[in-house]
Amino acid sequence: MSASEPRVGFFTDTSVCIGCKACEVACKEWNQVPADPQGFTGTSYDNSGELGADRWRHVAFIEQKLPVGVEGAAPDSWVQEAAKQNLVEQGLEPERDEDGFRWLMSSDVCKHCTEAGCLDGCPTGSIFRTEFGTVVVQEDICNGCGYCVVACPFGVLDQREEDGRVWKCTLCYDRLKDDMEPACAQACPTDSIQFGELAELRERAADRIEVLHQRGQSEARLYGESEDDGVGGFGAFFLLLDEPETYRLPPDPVVPTRMAGKVWGAGLAAAGAMAAGIAASFIAGARR
Amino acid sequence: MGTSFGRGGATTFQQDLQNSDCIVIMGSNMAECHPVGFQWVIEARERGAKVIHVDPRFTRTSAMADLHVPLRAGSDIAFLGGIVNYILENGREFRPYVQAYTNARTIVSDDFRDTEDLEGVFSGLDRVGKKYERESWQYKGMEVGASAGEREHGEAEGEQAHGAHGGELHHGEPPEEDETLRDPRCVFQLLKRHYSRYTPEMVERICGVPRETFLEVAEALCENSGRERTSAFCYAVGWTQHTVGVQYIRTAAIVQLLLGNIGRPGGGIMALRGHASIQGSTDIPTLFNILPGYLPMPHAHERTSLDLYVDRNAPPTGFWGNTRAYMVSLLKAWWRGAATAENDFCFDYLPRIDKDHSHYRTVADMADNKLEGYFVMGENPAVGSANSKLQRLALANLKWLVVRDFNEIETASFWHDSPEIESGELRSEEIGTEVFLMPAAAHSEKDGSFTNTQRLLQWHHKAVEPKEDQRSELWFMYHLGRRIKEKLAESEDPRDRPILDLTWDYPTVGPDQEPSAEAVLKEINGYDADGEPLPDYLPLKDDGSTSCGCWIYAGCFADGVNQTARRKPGGEQSWVAPEWAWAWPMNRRIIYNRASADPDGEPWSERKRYVWWDAEEEEWTGEDVPDFSPEKRPDYIPPEDAKAQDALRGDEPFIMQGDGRAWLYAPNGIVDGPFPTHYEPQESPFSNPLYPQQANPVREQYQRRDNPYNPTGDEPGADVFPFVMTTYRLTEHHTAGAMTRTLPYLAELQPEMFCEISPELARERGLRHGEWATIVSSRAAIEARVMVTERVKPLTVDGRTVHQVGLPYHWGNRGMAKGDSANDLFPFALDPNVHIQEVKAATCDIVPGRRPRGPERLDLVESYRERAR
Amino acid sequence: MSGDVDRAVAGRDTYVHGERGHPRTREERMVPREQPTTYYGRPVVKPPVWKPEIPFYFFFGGLAGASAVMASVATFLGRPKLARRAWIGAFVGVTASPALLVSDLGMPSRFLNMLRVFKVTSPMSLGAWLLAANGGATTLGAALNLAQPDRRGGAPEVAAAALGAPLATYTAVLICNTAVPAWSEARAEMPFVFGASAAASAAGAALLSVSPEDAAPARRLGVAAAVVEEAATVVMHKRLGPLASAYEEGKAGRFGKAARVLSLAGAAALAAGGHRRSVAAAGGSLLLAGSVCKRWSVFKAGFQSAEDPLQTVRTQRERIALEGGGA
C-alpha cells in the first residue's frame, strides 16, 4: 500500500473523559452498527461490556477507593479485601473521611497497530492497510474464518452473529476520504478523543504527560505510543491513569507474527520428526 | 436571579468558565447533564482553576473535580449560608464591590423582623393564608403606595420576577443608607446577623459535611475572589427543585455578590438549564403568569386598564421603567391594526389570571374533574412530573387529551397501558378520555430557534422533510388557530374578538403549508414606525408606533438579518464569539458587565478586564456588548426628573433594578423571605436544627388524599421512611425518556431502572448488588435494580447516620428500556415563587425484592401508610 | 464476568494514592499491585469463534497428513496392503478436511477467498494452500495406488509425503500463532503433540482393516506415537506452568483425560495383543478416539484460556518482570 497520506490515528486522553458515551453512539450512528443490548450489567455505568463486532468504541468505568488500614502501602489483595469485610461486620468504620475516591473513564477502540496481528493473519486479504495507515476489514471479501479474532492481542475483532463476517473500527475510512475526522472524535465534547497525524499526536501526548506529572499525577502514563512495543506502536494510543489491565488492556501486547518464525520452526521440525518416525516404524521392522 | 440582579437567567455563558479561578458546581451534575458545556470547566481546570463539586453522590462531574463534597440532599442553604457566614465573619468580602454595587448599605424598615427574632420566620407571616405580607420588608422610608396592595404579586410572580416591583425610588436610590455598613439596621449587618449561626459546626451538623471540607470550599472561594481572581457557580435543578429552590439560588447570589463575582469574567452564576430551549420557554413563555420578556400577566383586579397595569408593575427607575413601551409594543405585535390608543391597544384582550394556573394546580383540578381538555406537547408528565401516578389518574378524568410526540408515550398510552391499568385502579373501558395522538416533527425536520441556558438564540435549519403526518409545533398551532378563526369568522360576540383580531398572517410554504418560522422571529424582533426591523429594544415606544413580540429579543433580526443563524467559527473571532448566533439582551454574553469595572470605570484588575469606560471615545467598550447605557459616564448623577434607566447613576450596574443595585436583601420579588433561610424539605428525617420552624412556612402543599405526605422531622411515624431519596439524570437519557428509551443506541446504554445506594445501606437492608429493590413512600412503591457503590456515602447529620437513595427518573413502562418511574414516589410540594416541585429531597424506605404486582402493590403502600399514621 | 456481580459493590477495585485523593495534588508514586487486576473479570482477548467442525478438522487433517506420509513410505517400500489402507485414510482425510473448514466459515459461500492471496505471515493462508496442494497430491497418489497397486512410487508420492508431513503439524502452528495464552505459550511442544497424534491416528486407521501379518509397522507406529504424544503433552503442560490449568480443568480437562486413557489403552492393546486382528482393530479404534479427544481438549483449552483474563495478564506481567517486555 503506498503511503500517499501521512499516517493518522487517535490519541485518547482518558484524563479528560467524562464517560458521556457520545463516542459509542456517534460511531454506531455513522457506521450503522447494530444495537447489542446487554441489559443492566451492574458493572458501574458500563452496560456495553467490551469492544466487539457490534461495539467499536467502548467506554470503561472503574470505581476505585483507598483501601482501609493501609497508607501508601501495597494495594489490596483478595485477602485484604476479605479482611475489610470482617472489619465492617465488627462494626468498625471502614472508611475515613479523607479517603480518596476516583472514577476512571476511558474510551477503548481498535489500536490500528503498526504490526497488526489481524492483518498478518487474514488469509483472504480482506484486512488491509489503507493509505492513511489504518487497518480496515473489507466486508465484501471477508468470509468469517475468524482467524483475526484470535490473532488480535487486544480482543478487538469479533464475528457478527447472523452475518458471519468479522467487523471492527474502520477509523471512519469513508469520512477520512472526505477530509472529515472520525465520528467519535467529532462527537467527543472534551477532546478526550483526538484525531490527527500520528506523529503530531505523539508529541502532544508527550507534552500532556509532562504536564500531568508536574501536577503530581504520577500514575498517568501513555500506552501504545512507543514504536518499540510489541506491535510497533499503536495507531490509536492512550493516556491511562492506571495499569492497562485495569481497563481490560494487555500490559505487554505482542503481535503473534513476531514469533511466527519460531512457531513454524517447531512445526516443521515436528513434521520432520513425525515423517522420520513413520519411516522408522517401517524400516525397524524390515531390519528385524 | 431576577430578584437579586434584575433578569432571570444565567449571568454568564459557559465559555466564560475557562476564565474562572475556582468553579463550584452545586445542585448540578454538569459533566453528566451538560457534557458539551463541561468542556469549559475542563479548560478552566487545565488553566489551573480549582473545581469543586458538591453533590450527594460522587458523579461523572466529581470524577473530573479536584474536590467532591458529599452533602445531604436538601441542605444546600445551610452550606451556602455557612459560606456567607465565613465571608462576613472573616472580613473576606470584596468590600469596594459590595459597597458600591449592592444594597448592603440600605437601611431596612424598623418593622422588619428576621428569623433570628421570630423562631425561623420573618415578620408579616399570615399562617392561615400561607403567605407573607411584605410591608415590613421594605426599605426604611419607602412609601408603601396604593399600588402596593394591587400589585401583580403573590401568585402572579413570574419565575423571573424582576426586582423592584412597586418600589418607589427617588433617583433610583433608597432614602436611607449607611455607607459605612455599620448601622445595625443596614442590609449588611442584618445579613451578618441572619447567618450568624451558620457556623462550620452547624454546617457539619445539618449537611453532614465535615468541618474541614466545608472550610476548604469556603477558603477556596474566598482566595479566588477579589480584584485579581474570580470564581463561578454552576447550578441546575439540584437547586431549583426544592420547596425553597428560589432561596437556594438567592443564597448563591449573596455569596457571589459578597465576593464581587457578578458581571466579571470567570465569575457569575451559570444557571444550567437542561432542555435545548428551556430558557426560550420562559422568555417566550409557556408559563401562565408571564408574558414575553417577563412582563407580568395581568390579574383580575376590580379595576383594570393599561395605565393601572403599568402603575402597578413598572418602577420609575431602571429599564423596567419602560414597561409601558414594552407592553404596548407587544400588544401591537399581537393585534396589529386592531390595537389603538383608544382601546388601550387591546390590553383588555389579554386574559386575566385569577389564581394559580401552574402545572400542578392544573393537574390537581384535573384530578378533581374540573378540566375538560389538555394539550401535552413535547412533554411526558405521566413519567416526568412529581406524583406521576396522580398525573396518570388525573388524565382519566379528561374529556379529551391531545398528545404531540414522536411516539406513543406514557402520557398517551395511560388508558390501556399504565401501572394503574395493571393494578386495576383504572379500567380502560371506564375511561372516558378521548386521546388524540398527533405525530410531531423533530428539530431537524423544521426551522426554528433554540434559546439555550446562556440566553443564546441559535437557529436550526430544516434538513429533511417530516414524513407522512408528522408536523412541527408551529404548523400545528398556526393551523389550529387558523381553523378556530375560520369557525368564529361570523361571530358578533365581543368575546371572540381577541381571537379574530389576532395577527395571524404568516406566510406558509410547501405542500404542507408550513408557516415561516423566520416570519415569526421577525415579529418577535419587532418593527419600528417605518416597518423596519428593530436594532434593539431602545427605540420601543408606548404610542403604538413600534411592535415587538418580545422586547428582550429585539435585535435578533437586526438589519433584517437573522442574527440567530450566524455561524462564524470560533477560531475566526474573539473568545467571546459575539458573531456566533445571538444572545439576549442585545447580544450581551455576560450581563451586568458594568460591574467588571470599578465605580470609576476602570477594570478591577488587568487580569479581569472585560468592559470599561473609554474616556477618549466617551463610551463603554470591551470584550462584550456593555450591559449599560453606552454613553453614560461613570460619574453620571441623574437629574431630578430623570426616568427609567436615565434615573440610574453611572456606577449602578444592575440596570434592571429600581435602585440599580444588586440585592443582598430582597424586599420584593420573592414570596418566602428577603434572606434565604435553611428549612428542611417537606419530607425529612430530621428536625430543623436551626429553628423551630421545620420547613418553608409558605411552601405550596396539596393536602389531598391522593397526595399524602410522609411524616417528617420529629412527627410520629417519620421513622417509617428513614432514608433520604433524591432524583437525578443520567447522560444517556433525556428527561422523561420519551426521546431516548425508544432509541436502540441509547436504550442499550442504560437499559433498566436502577437505584444507587451505599454498601452500608445495602448491608443494613439486605440489598444485593445487581438484584432488585422496592422503594416505598406514602404515594407509591416502585422497583429498581440495585447498584451498590461507594459513590454514595452515608452521612452523619445531627448526630446520627443517614442514608441516601439515588433514583434516576427517566423510566416509564413504554419503549425499549422500560422500568418504574421514580416520580411515582414524590408528592406535589412546591416552591411558592415558581411552583416547581420538590423532587430532589424526600424520604422513603427501601427493601429487597421486586414489588408486588396488581392490587397487592396498592396494599403494600397502604401498609406503610398505616404504620406511619 | 462471573464472580464480580457477587461483589458487594459495583466496579470495586483498589489502588493507592495520597491522602486527600485529589488527583491534582497527589505526589506519591503509585505502588504496583501484587496481584494483577482485571476489568470486572472480562477477557482481554476474544475466545475463538470456531465451531465444533474445527477440532474434527484438526483430526482429519492430521489423519490426512500422516497417512499420506505413511502411504508414500509404504508404497516406496513395497508394502501394498498398508499402502492401500493408508491412501484410503489420506484420501478420507483430505476430503473431510475442506468440507469441515468450509462449514465452519462465517460465510461459507466465500470459501474460495481462502485462495485469494498467499500470505506468508498467516498460518491459515499457508495452511489453506497446503491443504489444497496436498489434497491434489494425495488424490493423485491414491488414484495411482488404486490403478496400479504394485507401483513402487515416484514424484506424486514424494509430493504427497512432503506436503502431508507439514499438513499434520501446521494446525498446531495455526493455533499457537495467536494471542490465546495457553496456545501461544505452548508453541514449542504443540506441533509435536499434534504430529504424534496424527501419526497415531494414521496408524489406528490402517489397523482397522489390515491383516495382522501386514500390520507390524502400523502397530509399532501406533504404540510409539501414543507414547510420544503423551510425553510431549506432559512436557508441554509442565512448561506452561499456571497456564496448564486451561488444559486440565473443565471440558478441556475431561477431553484431555479421555484422550490420555484412550490413546494409552490403545497403545497397550496393540503392544500386548496387536498380532490378533480383533485386538489390533480395537486398539486402532482406541487410538483414533484418543486423537479426536486430544484435539477437542486443545480446542476447548483455547476458549478457557482466552476467557480468563488473568491468564493473559499474568503471563505478560511475568514477561515484563523477567525480560522487560516482549518487544
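Me: Is Tyr40(C) buried or exposed?
Reply: The relative accessible area of Tyr40(C) is 7%. Buried means under 20% relative accessible area, exposed over 50%, and partly exposed in between (1.4 Å probe, protein chains only). Tyr40(C) is therefore classed as buried.

Me: What pLDDT must side-chain atom pairs have in this model?
Reply: Residues are numbered from 1 along each chain as its sequence is written, chains are lettered from A and ligands numbered from 1 in the order in which they are written, and side-chain values use heavy atoms, with hydrogens and water left out. The model is predicted: totals for chains, interfaces and linings use all residues, local features need pLDDT of at least 70, and side-chain atom pairs count only at pLDDT 80 or more.

Me: What is the phi of Tyr40(C)?
Reply: Tyr40(C) lies in the loop between β1 (13–14) and α1 (53–76) of chain C. Helices (H or I, at least four residues) and strands (E, at least two) are DSSP runs, numbered from the N terminus. Most residues other than glycine have a negative phi. Tyr40(C) is not a glycine, yet its phi is positive, at about 55°.

Me: Where is Gln513(B), and what is its relative accessible area?
Reply: Gln513(B) is in the loop between β15 (508–509) and β16 (514–515) of chain B. Gln513(B), not a glycine, has a positive phi of about 55°. The residue is partly exposed, with a relative accessible area of 41%.

Me: What percentage of the residues in chain A is buried?
Reply: Chain A has eight helices and 10 strands. Residues 24 or more positions apart account for 67% of its contacts with a separation of 6 or more, a contact being heavy atoms within 4.5 Å. Of the 288 residues in chain A, the buried part is 67%.

Me: How many residues of strand β3 (101–109) of chain A are buried?
Reply: Phe101(A), Trp103(A), Met105(A), Ser107(A) and Val109(A) point one way from β3(A), and all are buried. Arg102(A), Leu104(A), Ser106(A) and Asp108(A) point the other way and are buried too. The strand is thus mostly covered, and the buried count is nine of nine.

Me: Which residue of β3(A) is the bridge partner of Ile62(A)?
Reply: Strands pair if DSSP finds at least two bridges between them. β2(A) and β3(A) pair in the antiparallel sense over nine bridges. In β3(A), the partner of Ile62(A) is Leu104(A).

Me: Which strands stand at the edges of the five-stranded open sheet of chain B?
Reply: The sheet has parallel pairing and the order β3-β2-β1-β6-β7 (chain B). Each edge strand has a single partner strand, so one side of each is left without a neighbour in the sheet; these are β3 (67–69) and β7 (269–271) of chain B.

Me: Which residue of β6(B) is the bridge partner of Ile25(B)?
Reply: Strand β1 (residues 22–26) and strand β6 (residues 231–235) of chain B pair in the parallel sense over four bridges. Within β6(B), the partner of Ile25(B) is Cys234(B).

Me: At what angle do helices α4 (76–89) and α8 (200–207) of chain B pack?
Reply: Ala78(B), Phe79(B) and Gly82(B) in α4(B) meet Val203(B), Ile206(B) and Cys207(B) in α8(B). Axes are lines fitted to C-alpha atoms, for helices over the stretch in contact, and angles run from 0 to 180 degrees between N-to-C directions. The two axes are 9 Å apart, and the angle is about 170°.
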